[in-house]
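Grab a pencil and take a look at the structure shown here. The exercises ask you to follow strands and charged side chains.

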Amino acid sequence: MEREQPFVQLENISKWYGKSVILNKINLNIPYGCIYGIIGKSGSGKSTMLSIIIGFLKQSEGKVYFQSHDVYNNLEEMQQQFGFAAQEVSFYPRLNVTENLRYFGRLYNLTMRQINQKIPELLSLVNLTGNEHLQGWKLSAGMQKRLDIACALMHEPKVLLLDEPTEDLDPSLRLELLDLIKTINREKNVTVILTSHLLNEVEYVCDKVAILHNHEIVASGKINELKENYSKEHEVGIGLEEGDKEEFVKMLKKIPNVSKIVIRQGKIYIYTNKGADILKRMLGVSMKPQKKFKVSSISLSKPSLEEVFENLTKKELIVDDVKSKKQVKSKQKVVETKEEVKEKKFLGIFKIKSKEQKKEEKFKKQDQEAEEILEKIARNPKDTKSKKKK
């Protein structure tokens, strides 16, 4: 199969609840074997789009195709081809790693022989070997995310959907998880569709992206192509070792053809349509023997995906902000009223139950749930369909 052929296709997908529009006529072709990122601000409809692709939500209009087959014509069979890991982990916290993998294997009608063959391979892939007997709640945040992905891969899906996979992880764990996604894509030959609002991470891991804004796809394609098409300027990065940064920026502002200057993570970035000329000037400054400023590094590149996203959504965002100002006060009153009602309704309960009691009740419920699941694992696979995920 050619890499650029549509593997997953969205055709005029719209989703609304009453008068509230969530997605509006989304058209998207996701090729086989790629890592495809769907980016947008919180509330833009990214999670809704994933839920529609996998069949958790029914679209109001349009069609979803997998390998040219309408997903909803044979939903159960199509869902066997997809794995899904949501923002919140879906495994059972009171089951250990192996028990969780067995359970999800049973959900997809795998035999115990198949399950036992797959578990060591998956544990090695997600770097959880040696943690087989740890209960889910005892795992670190990064290990929990990896277990959740392993559960989503148990039935060997052709497409893996990840909703905000690095959310709530620290920077080192995020990078580790992104590298795992690359490994899964490469070694398991799985097409990956992920959502994120962390654009530097998307740029690191994805082959192609779609930018979702105001319920619509405003741009899509290869990241480098988007940079070429939607940002005609270059980014000149300057690391300053010695000298006053503010004074240096004032000097830069006098240079012709500089549209914007940004200080980000201690480095100065110039945006200009004369990148090569500016670079020569900066090199000249750094080479002078008696110089006021000591330049430690200079780089020339196309702007980041973040800059492209900002350029594509800036005008619309200004309009949105103006429109929303008049609505804030009236909406705030409604929200406060609802909160007051909730507070009055549950005030007595909160006074009676201490945190320790509620925690104890939660663990008791989880233990009971774990026992029920272990019983289901031992039964016929068809009995485990009471909870289907991914």
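This is a predicted model: local features need pLDDT of at least 70, side-chain atom pairs count only at pLDDT 80 or more; totals for chains, interfaces and linings use all residues.

Residues are numbered from 1 along each chain as its sequence is written, and side-chain values use heavy atoms, with hydrogens and water left out.

**Exercise 1.** Find the order of the strands in the open sheet of 4 strands.

*Solution.* Strands are DSSP runs (E, at least two residues), and helices are runs of H or I with at least four, numbered from the N terminus. Two strands pair if DSSP finds at least two bridges between them.
- Step 1: the order is β2-β1-β4-β5, with antiparallel pairing.
- Step 2: β2 (20–31) and β5 (69–70) are the edge strands, as each pairs on one side only.
- Step 3: β1 (residues 6–17) and β4 (residues 61–66) are joined by 5 bridges; Leu10 has Val64 in β4 as its bridge partner.

**Exercise 2.** Explain what the salt bridge between Glu61 and Lys25 ties together.

*Solution.* A salt bridge puts a side-chain nitrogen of Lys or Arg within 4 Å of a carboxyl oxygen of Asp or Glu.
- Step 1: the Glu61 and Lys25 side chains meet at 3.4 Å, N to O.
- Step 2: Glu61 is in strand β4 and Lys25 in strand β2, so the pair ties together parts 36 residues apart in sequence.

**Exercise 3.** Decide whether Lys118 is buried or exposed.

*Solution.* Buried means under 20% relative accessible area, exposed over 50%, and partly exposed in between (1.4 Å probe, protein chains only).
- Step 1: Lys118 has 15% relative accessibility, so Lys118 counts as buried.
- Step 2: its salt-bridge partner Glu156 (2.7 Å, N to O) is partly exposed at 47%.
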